[in-house]
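Welcome, and thanks for taking a look.

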Amino acid sequence: MCLMKTISIRELHERTGAWVRKAAELGSITVTERGRPIARLEAVEGARRENPFLLRKLRPGYRRLRGTLKGGTDTVTIVSEDRGSPS
């Protein structure tokens, strides 16, 4: 059974990007104005976005370093040192 999500036009106006991405996940979102349906957001078939960082090819230098790098210095520590205050 498919549950259709319903939002108000005000919610869509305030967070358009988030609701468009949610429509891609849920499949369909009905937009209402004063309780009456006026529009529907639907995902385009086959338009699932892939994470571009998972698809990229690593340069040979980075590929060699993968798995050997450890955590670096915390940015709070760096900013504190730069400002001259103790950590």
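With a relative accessibility of 55%, Glu-14 counts as exposed, because that value is over 50%. Please keep in mind that this is a predicted model.

- Glu-14 forms a salt bridge with Arg-10, their side chains meeting at 3.4 Å, N to O.
- Both residues belong to helix α1, which covers residues 9-14.
- Four residues separate Glu-14 and Arg-10, about one turn of the helix.
- Arg-10 counts as exposed too, with a relative accessibility of 61%.

**The second pair**
- The structure has two salt bridges, and Glu-42 takes part in one with Arg-40.
- Here the side chains meet at 3.5 Å, N to O.
- Glu-42 and Arg-40 are both exposed.
- Why can such pairs form? Side chains of opposite charge can pair when their charged atoms come close.

**A buried serine**
- Ser-28 sits in strand β2, which runs over residues 28-33.
- Is Ser-28 buried or exposed? Its relative accessibility is 16%, so Ser-28 counts as buried, the cut-off being under 20%.
- Setting aside neighbours within four places in sequence, Ser-28 contacts Arg-40 and Glu-42, among others.
- Its contacts also include Met-4, Lys-5, Ala-23 and Leu-41.

Key:
Residues numbered from 1 in each chain as written. Predicted model: local features only at pLDDT ≥ 70, side-chain atom pairs only at ≥ 80, totals over all residues. Heavy atoms only, no water. Helix = DSSP H or I, 4+ residues; strand = E, 2+ residues; numbered from the N terminus. Buried < 20%, exposed > 50% of the residue type's maximum accessible area, 1.4 Å probe, protein only. Contact = heavy atoms within 4.5 Å. Salt bridge = Lys/Arg side-chain N within 4 Å of Asp/Glu carboxyl O.
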